[in-house]
Amino acid sequence: MHMHALSETTALVTGSSRGFGRAIAIALAEAGANVVGVARDQARLEELRKQIGDGFTAIVADASDPTIAGQLIDRYRPRTLVLNAGANPLARPLQHQTWQTFSRNWDMDVQHVFHWTREALLCPLDPSSVVIAFSSGAALNGSPLSGGYAGAKATIRSARLPVSGSSRCCRH
Amino acid sequence: MLPTLTPATDLGASGVAAYARRQGVTTGTFLEGRGPAPTPERVGAAIVELAVDPGHASGGYQITNAGLSPVR
């Protein structure tokens with residue numbers, strides 16, 4: 001559908017080793033982008049690199065690490081940035097959560113969106129860049145079995161990057 | 001991007017299993033009548049669409065397997 005629409009651009013995807021992130025990396029590569037995939041699972045990233053080929057660069061790292069965000073934004077200056085990384089919440093009613101399990105998606109999902117969007121602005125990424133962050137339907141409808149997941153995802157949705165002049169807005 | 005609940009990822013499958021268990025039904029029954037859950041491939045295609053043209057939906061986009069719809 002969009003073959004080569006993103007040719008000669010760099011796309012960076014966090015949480016790239018499985019699930020949505022993996023499929024996003026594949027789709028962006030098929031659209032011609034050079035894809036940088038960040039995840040902690042080296043084996044799965046290597047599998048993905050074999051599938052996509054030379055158009056994929058595997059970065060084994062923790063996407064919630066602010067130093068990693070700064071380094072990779074500076075190094076790759078992606079035209080397309082997909083902030084997909086996130087923790088799988090413990091599925092239990094609230095009273096069976098601990099503070100640690102309840103706040104897990106803040107520490108992972110929200111923190112990584114915070115660091116990467118901040119670095120995108122500081123770099124700054126080119127105004128025509130597109131930044132997409134993953135919230136969830138849970139942000140609209142709640143998810144009582146998912147601890148702090150719905151609230152964390154609602155925060156990601158409500159965080160919008162500022163528009164500067166006539167540049168394109170970064171969308172969440 | 002606001003994906004709706006899907007059994008197609010590890011994260012979604014955990015959620016589907018938990019809610020089905022709470023309702024006392026099978027995951028198949030739980031998913032029936034919920035509408036088309038987004039597959040990873042569908043989400044990948046949607047991301048490419050938005051990367052090429054992000055549009056102007058200030059409230060974000062919901063994604064089901066039927067596609068993207070802006071959230072008000």
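A residue counts as buried under 20% relative accessible area, as exposed over 50%, and as partly exposed in between (1.4 Å probe, protein chains only). By that rule Asp41(A), at 24% relative accessibility, is partly exposed.

The model is predicted: local features need pLDDT of at least 70, side-chain atom pairs count only at pLDDT 80 or more, and totals for chains, interfaces and linings use all residues. Residues are numbered from 1 along each chain as its sequence is written, chains are lettered from A and ligands numbered from 1 in the order in which they are written, and side-chain values use heavy atoms, with hydrogens and water left out.

**Chain B**

Chain B contains three helices and three strands, these elements being DSSP runs numbered from the N terminus (helices: H or I, at least four residues; strands: E, at least two). Along the sequence they follow the order β-α-α-α-β-β. The C-alpha atoms of chain B fill a box of roughly 40 × 25 × 20 Å, taken along the principal axes. Of its 72 residues, 43% count as buried. Contact here means heavy atoms within 4.5 Å; among contacts in chain B between residues at least 6 apart in sequence, 51% join residues at least 24 apart.

Strand 2 (residues 61-64) and strand 3 (residues 67-70) of chain B pair in the antiparallel sense over four bridges, where pairing requires that DSSP find at least two bridges between two strands. These two strands of chain B form a hairpin with two residues between them. Within this pairing, Ile63(B) stands opposite Leu68(B) of strand 3.

**The interface**

Between the chains, 37 residues of chain A are in contact with 35 residues of chain B. The area buried between chain A and chain B is about 2900 Å², with carbon and sulfur atoms giving 67% of it; buried area is the accessible area (1.4 Å probe) that two parts lose on being put together, summed over both. Nine residue pairs, both residues at pLDDT 80 or more, are in polar contact across this interface. A polar contact is a pair of N or O atoms within 3.5 Å; within protein, one must be able to donate a hydrogen and the other to accept it, and residues adjacent in sequence count only if both atoms are side-chain atoms.

On the side of chain A that touches chain B, helix 1 (19-30), strand 4 (80-83), strand 5 (130-133) and helix 7 (149-158) of chain A each supply at least two residues. Helix 1 gives the most, with six residues. That side of chain A divides into 21 nonpolar, ten polar and six charged residues. In this division Ala, Val, Leu, Ile, Met, Phe, Trp, Tyr, Cys and Pro are nonpolar, Asp, Glu, Lys and Arg are charged, and the others, Gly among them, are polar.

**Salt bridges**

A salt bridge is a side-chain nitrogen of Lys or Arg within 4 Å of a carboxyl oxygen of Asp or Glu. The whole structure holds six salt bridges over all chains, and one is counted between chain A and chain B. Several are listed below.

| Salt bridge | Closest N and O atoms |
|---|---|
| Asp10(B) with Arg18(A) | 3.0 Å |
| Arg44(A) with Asp41(A) | 3.5 Å |
| Glu46(A) with Arg49(A) | 3.3 Å |
| Arg118(A) with Glu119(A) | 3.7 Å |

Salt bridges that share partners join Arg18(A), Asp41(A), Arg44(A) and Asp10(B) into one network. Arg44(A) is partly exposed at 36% relative accessibility. Glu46(A) and Arg49(A) both lie in helix 2 (residues 42-52) of chain A, three residues apart, about one turn of the helix. Glu46(A) is partly exposed at 31% relative accessibility, as is Arg49(A) at 28%. Arg118(A) counts as partly exposed at 42%, whereas Glu119(A) counts as buried at 15%.
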